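Open the model in your viewer and keep the selection tool at hand.

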Amino acid sequence: MSRIVVRFPDFPDVPELSNDKSGDGAWLVDVVNWWDGVDSMNERNERANGDGEYDQEDVYSAARFPVVVGRVSFASEAQLFAARAPFARMMASRKAHTIEVESLDGIQRAEVVRNGRLTWDMVNAPYVIEFELPFKAPDPRKYGSWREQSTGLPVLGLGVESPLASPLTQIGGGSPGRVSLTNPGSTDTFPEAIISGGGSAGGVQLTRIETAERIRLEWPILPTDTVRFSFADGQVWLNEQAPISGRLTAANWWVLGPGETATVQLEAIGAVTGTPTLTMRWREANA
């Protein structure tokens, strides 16, 4: 079987688990429910005087419930029990954290919370135990690493060569003020847009060229401000402190579907100071 590695980056004292065991220590047996699909949240709305049920407009996915199964072997019983401590601390945590799985699919991550108790089964050979770490991923998607692409405001080019000839030859020097992002995964992903580096007296507008969907923020942006648009929850954050989505005059939030490419146009509203820059951030997402 190909190599599989599980990591818990928020808990540096928890050892990396791999299925290619060598010597004493902890190793990976399986990651249950990681590669499986997830259940659908189907509504039941039966037809009172007909066959079947009424249509459901959107079918959403339920949470994912991964279970990490591993084993530990050590030269002494004292070492075996000491190995339990970091796993116990992680499974006692009440906070969400990241699980990272590396396989032939690449490195994929999910945010999880505990979904039960740590089991520490002593039924195996001397100084060998099997353990289970049950988790719940409220967002069932498995994400790759963040990708980024940036642009400034549109800049006029220098036109075309003269005398005119066919085909036209661009002299260059301009910029359309656009970025493109592609999701190579198998399910929807939610991007983020960050405005920084310059001010705009009346705010900014982001337009998805393919669909004409707009997000228009009418709020004065200072050169020292950073404004983050979160497509996942439809919120806009000023300097990561104040929510200002109430100043949106157009809020056509969109998701980046599997295999889709989106082109985003940056426009300033009002007078500009400095160099306003749009940075689009997104992650590949898989079901």
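Strands (E, at least two residues) and helices (H or I, at least four residues) are DSSP runs, numbered from the N terminus. This is a predicted model, in which local features need pLDDT of at least 70 and side-chain atom pairs count only at pLDDT 80 or more, while totals for chains, interfaces and linings use all residues. Residues are numbered from 1 along each chain as its sequence is written, and side-chain values use heavy atoms, with hydrogens and water left out.

**Stop 1: the whole chain**

Show the protein chain as a cartoon: there are two helices and 21 strands. The radius of gyration (taken over C-alpha atoms) is 25 Å, well over the 19 Å that the globule rule (2.2 Å times the number of residues to the power 0.38) gives for 287 residues, so the chain is more spread out than a compact globule. Along its principal axes, the C-alpha trace spans about 85 × 60 × 45 Å. Colour by burial next: 37% of the 287 residues count as buried, that is, under 20% relative accessible area with a 1.4 Å probe, protein chains only.

**Stop 2: the largest cavity**

Rolling a probe the size of a water molecule over the atoms shows where empty space is left. On a 1 Å grid over the protein atoms alone, a cavity is a set of points where a 1.4 Å probe fits but cannot get out, and a pocket is an open set with protein on both sides within 12 Å along at least five of seven lines; lining residues have an atom within 4 Å of a point. A volume is the space filled by probe spheres set on the points, which are joined across faces, edges and corners.

Select Leu206, Thr207, Arg208, Ile215, Phe231, Trp254, Val264 and Met280, which line the largest cavity. About 30 Å³ of space lies in this cavity. Which strand supplies the largest share of its lining? Strand β14 (residues 203–208) does, with three residues.

**Stop 3: the largest pocket**

Now select strand β8 (residues 106–114), which gives the most to the lining of the largest pocket, with five residues. The volume of the largest pocket is about 270 Å³.

**Stop 4: the second largest pocket**

The second largest pocket has a volume of about 240 Å³. Select Tyr60, Ser61, Pro140, Arg141 and Thr187, the closest to its centre of the 13 residues that line this pocket.

How values were computed:
Buried means under 20% relative accessible area, exposed over 50%, partly exposed in between (1.4 Å probe, protein chains only).
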